[in-house]
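Q: I'm new to this structure and would like a close look at one part of it. Could you walk me through a helix packing, and then show me what lies around it?

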Amino acid sequence: MKNVSKLATVIILLLIVLTLSTFTVDQREHAIVFRLGEIVSVKDEPGIYLKAPLVDNVRFFEKRIMTYDPPQPDRFITSEKKNVLVDSYIKWRIIDPSQYYVSVNGDERQAERRLSQTVNDGLRAEFGKRTILEVVSGERSEIMDILKERADRDSRQIGIEIIDVRLRRVDLPQEVSESVYQRMNAERKAVANELRSQGFADSEKIRAEAERERDIIITEAYSDAQKVKGEGDAKASRIYADTFSKNKEFYDFYRSLEAYRKSFSGKEDIMVLDPNSDFFKYLRGPSKK
Amino acid sequence: METMRNILKKLSLRNILAANNDGPPDLDELFVDIKKKIDNVFNIKSGKSGGNGNLNNGKQPVNSNFDGIPTGTILLVVFLIWMATGFYIVDQGSRGLVLQFGKNTEITQPGPRWHIPYPVETVEIVNQEQVRTTEVGYRSSRSGGTSQELRESLMLTGDENIIDLQFAVQYNLKSVQDYLFNNRSVENSVRGAAETAIREVVGKSKMDFVLYEGREEIAIKTKSLMQDILDRYKSGINITSVTMQNAQPPEQVQAAFDDAVKAKQDLERQKNEGQAYANDIIPKARGTASRLIAEANGYKAAIENEAKGNASRFDQILTEYTRAPEVTRNRLFLETQEQIMSSVSKVIVDQKGSNSLLYLPLDKLINQKSSSGNQEDQTQASNQRTNSGSSASDVINSITERSRGAFNARERDAR
């Protein structure tokens, strides 16, 4: 029993000593061991480590990639003297904890300020060389690469590696946006007008084409019809000529009579006659003439 | 007690491993020491109970209780409780990451699990398969509606236009280790990558392409660019889809765009109307053409037949005429006269004796004879004859001539 309580005491004492003389480093952290304010070692690997109790002091720093996202987009001027609002973010990581600690006192905010200054300088320089169009579409990734290289070179001095610098948004300021909208409106209006005129033109073309076709169809038919009629007339003429030329004088007489018959056939035709005419010769008297 | 032994084994094994890694020999010795001490405790107990030299016998704590050593029991209970804090459950679709002294040593699958309790080991449970969503350009509210985020959704296109684009990114994890250990605030990284990727893609495209035919392509390109970016950060994220929720011109120019779309429809409509007109008149024209041809053929046949008929009639009469010319001639003349005289109205005037002027009210006569007659003809007919004619042929000639076509066919032609 005495042994057991002794053991308990020993265990508790051991635990106290252990907590004071060891520390664990997480996979997500760097640790710096200070002995009375002086850096004695940097622990990059996770695990449990010993330290001198009370004398040693351990500080932990983030090992994962962090994001610096400026709260406000910054204004930059492009080569054609236009303002753009640029919103970017920086992915960074501490690679040299002691350097980092010495340079920015281990303060993330201070580190971010430093990074944002570097990146903004880069942005200003790169944007100043390019037009909006180049910034927005053509050389966007080049700019980002250049910025990253530049920022990385600079930040190595403070124990930081820049993983990436990316342009999140490149927008036009409000007043420029308005003029863009106006231009877009005008463009669409032009497109709409063109479409409508095109529609009218197409429609007219189709109609005119149809009318032309119609006229051709009808006139061709007319021409054919006239030809056929002409053939008919010619044939009829020939028949008449052949027959009537057998006795011209009689034809004259016969045809005239027929014409008279046709001309005077109704009660509405009034004839004023002289009784001396041939027709009435027997009406005047029975004598032979 | 079987597990107990395993635990101890595991513990000692791991400690040795850890010690080897970082090599502080003190630590190793320390643990060996602890182990020895623990062994001693059990040995003492077993010695008292009945000389059982076995390291871990389940019945021994009970025995020590009988011996009236409550401190040992308390220690054991504390130890057991400490051990029990190592139990954890990994849900389906999740993974447990066991960290021994801050270093990831094991990934556990779903199910009930145990790790060496704090401070030696800790566990982080991460849901790997759950599909997470990031919305860009809009936010869904809990009530089901959405609100637009203009700052995110408006972007510049390659032809310097502004469009309004809203999309959602869905992702899960392809590596829980990468997810947990490489990035702080991974969700923000996804949003950042989404915004920068879409703007890069849209910035290289023309507005019409983004708005209409290119939506799918934009989504695909954005997805692969995002994946590239996130892989560069070793974030362990797997983008499963990028879906365009909305791609439209900004509000300020919406009306003009709608009008342009309408204009396109107008164009189609006008074309269709033109075509409809064409489809109407051309068949009609063909109809008219057929009629013209048919009529011409009819005319031809008719006029030929008429000619043949007339000719044959004349031919026959001519035959008779040559046989007896005088008689036939007279007969024909008289028959004609008879026919005419019997049908027309006649006024016979003998003017030989009197030279006085004769009043002949022809208009009245005509009105009498034909009340339903032709009005125009009446005025023409009201010619007065004052002079005396002489021969019969004159009489006929003096009648006001009315134009009547010699051939019926000619009339038809005029039509």
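A: Let's start with helix H7 (residues 186-203) of chain B and helix H9 of chain B, which pack at an angle of about 135 degrees. Their axes are 8 Å apart. Angles over 145 degrees would count as roughly antiparallel and 65 to 115 as roughly perpendicular, so H7(B) and H9(B) are oblique to each other. As for handedness, H7(B) passes H9(B) in a right-handed crossing.

Who does the touching? On the H7(B) side, you'll find Ser189(B), Val190(B), Ala193(B), Ala194(B), Ala197(B), Ile198(B), Glu200(B), Val201(B) and Val202(B). H9(B) answers with Ile218(B), Lys221(B), Thr222(B), Leu225(B), Met226(B), Ile229(B) and Leu230(B). Sorted by class, the contact of H7(B) with H9(B) has twelve nonpolar, two polar and two charged residues.

Keep in mind that this is a predicted model, so it's worth checking the confidence too. Helix H9 (residues 215-232) has the highest mean pLDDT among the elements of chain B, at 93. At the other end sits helix H14 (residues 392-398) of chain B, with the lowest mean, 35. Taken as a whole, chain B averages a pLDDT of 76, with 68% of the residues scoring at least 70.

Now step out to where the two chains meet. The predictor gives the complex an ipTM of 0.72 and a pTM of 0.63. Across the interface, 119 residues of chain B are in contact with 107 residues of chain A. Helix H10 (residues 254-323) of chain B brings the largest share of chain B's side, 39 residues. By class, that side of chain B has 55 nonpolar, 33 polar and 31 charged residues.

H10(B) also takes part in a helix packing between the chains. Helix H7 (residues 248-263) of chain A packs against H10(B) at about 115 degrees, with the axes 11 Å apart. This crossing, too, is right-handed. Phe250(A), Tyr251(A) and Tyr254(A) of H7(A) meet Phe314(B), Ile317(B), Leu318(B) and Tyr321(B) of H10(B). That contact has seven nonpolar residues, no polar and no charged ones.

Strands link the chains as well. Strand E10 (residues 270-273) of chain A pairs with strand E12 (residues 345-348) of chain B in the parallel sense, over four bridges. Look there for Leu273(A), which stands opposite Ile348(B).

Last stop: a sheet in chain A. This one is open, with three strands in the order E3-E2-E5 and antiparallel pairing. Strands E3 (38-43) and E5 (56-62) are the edges, each pairing on one side only. From one strand to the next, the twist averages 25 degrees. Strand E2 (residues 29-35) of chain A and E3(A) share five bridges, and the bridge partner of Phe34(A) in E3(A) is Ile39(A). Helix H2 (residues 97-104) of chain A lies across E2, E3 and E5 of chain A, running at about 70 degrees to E2(A).

How values were computed: Residues are numbered from 1 along each chain as its sequence is written. Chains are lettered from A and ligands numbered from 1 in the order in which they are written. This is a predicted model: local features need pLDDT of at least 70, side-chain atom pairs count only at pLDDT 80 or more; totals for chains, interfaces and linings use all residues. pLDDT is the predictor's confidence in each residue, from 0 to 100. Helices (H or I, at least four residues) and strands (E, at least two) are DSSP runs, numbered from the N terminus. Two residues are in contact if their C-beta atoms, placed from the backbone, lie within 7 Å. Ala, Val, Leu, Ile, Met, Phe, Trp, Tyr, Cys and Pro count as nonpolar, Asp, Glu, Lys and Arg as charged, and the others, Gly among them, as polar. Two strands pair if DSSP finds at least two bridges between them. Axes are lines fitted to C-alpha atoms, for helices over the stretch in contact, and angles run from 0 to 180 degrees between N-to-C directions. Angles under 35 degrees count as roughly parallel, over 145 as roughly antiparallel, 65 to 115 as roughly perpendicular and the rest as oblique. A crossing is left-handed if the near helix is turned anticlockwise from the far one by less than a right angle, and right-handed if clockwise.
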